[in-house]
Amino acid sequence: MSKTILKIDASARKAGSATRDLTEKLVNGLAAKIAGAKTVTRDVAAGFPLVDEEWIGANFTDPAARTDEQKAKLALSDSLVAELKAADVIVIAAPVYNFGIPASLKSWIDLVARARETFQYTEAGPEGLLKGKKAYIVAASGGTPVGSSYDYATTYLRHVFGFLGITDVEVVAADKLAMDAEGSIKAANEAIDALVAKAA
Ligand SMILES: Cc1cc2nc3c(=O)[nH]c(=O)nc-3n(C[C@H](O)[C@H](O)[C@H](O)COP(=O)(O)O)c2cc1C
């Protein structure tokens with residue numbers, strides 16, 4: 001069965017974006033390695049409508065009892081959830097904005113983290129429902145070291161993915177670009193080459 005790679009870009013910059021260049025390289029490398037791989041791109045840079053009272057009400061209504069209005073309210077989230085569920089491999093950009101992820105990317109997370117769709121609570125605690133997927137987080141920052149105590153971007157994404165059941169996560173870092181852009185991009189490219197080499 002062919003595999004689907006979902007590429008999620010998030011940088012507000014269309015040109016000169018480190019994460020866009022690196023997600024492209026990584027996806028191309030993985031697609032060449034995985035026989036018959038299909039790539040789907042989701043650009044979240046423009047952001048999505050924020051969840052509001054009606055959305056929450058619709059989400060907490062039994063699917064069988066939802067009104068047409070409630071179904072329409074959840075339609076975008078439904079399609080983003082379906083896209084994520086259909087992916088075997090996820091390559092997600094994490095441009096560091098104010099020590100975290102861009103608000104646009106957070107708006108995507110708010111629409112795909114859906115109780116009873118992508119996670120559920122059991123007597124034993126929360127259970128992620130997205131099993132058997134692999135994710136690559138491609139981070140870029142001006143000065144924040146990826147993995148540091150104030151990197152709330154990759155640590156947050158890793159946590160959310162784990163909550164949804166995606167625990168096989170690799171991080172590629174092009175960090176501290178404002179200090180040593182050349183060295184940082186070189187290291188990220190080398191990390192991608194190594195990850196592609198070991199990809200199945
Ligand atoms: C709105 C905004 C906020 C940023 N905040 C941070 C930050 O908190 N820490 C940091 O190291 N870099 C910060 N940066 C720099 C970006 O992380 C850096 O430019 C990175 O390359 C962005 O990814 P991109 O090249 O894919 O656009 C910020 C950039 C922007 C545009």
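Guide: The buried residues of helix H6 are Ser184, Ala188, Ile192, Leu195 and Val196. Buried means under 20% relative accessible area, exposed over 50% and partly exposed in between, with a 1.4 Å probe and protein chains only. An α-helix has 3.6 residues a turn, so residues three or four places apart point the same way.

The model is predicted: local features need pLDDT of at least 70, side-chain atom pairs count only at pLDDT 80 or more, and totals for chains, interfaces and linings use all residues. Residues are numbered from 1 along each chain as its sequence is written, and side-chain values use heavy atoms, with hydrogens and water left out.

Now the partners. The buried residues of H6 pack against H1, strand S6 (134-140) and strand S7 (168-174). Contact means heavy atoms within 4.5 Å. Helices (H or I, at least four residues) and strands (E, at least two) are DSSP runs, numbered from the N terminus. On the other side of H6, Glu182, Lys186, Ala197 and Lys198 are exposed.

Next, length. H6 runs over residues 181-198, which is 18 residues. At 1.5 Å a residue, H6 should span 26 Å. The expected span is 1.5 Å times one less than the number of residues. The end C-alpha atoms of H6 are 26 Å apart, so the two values agree.
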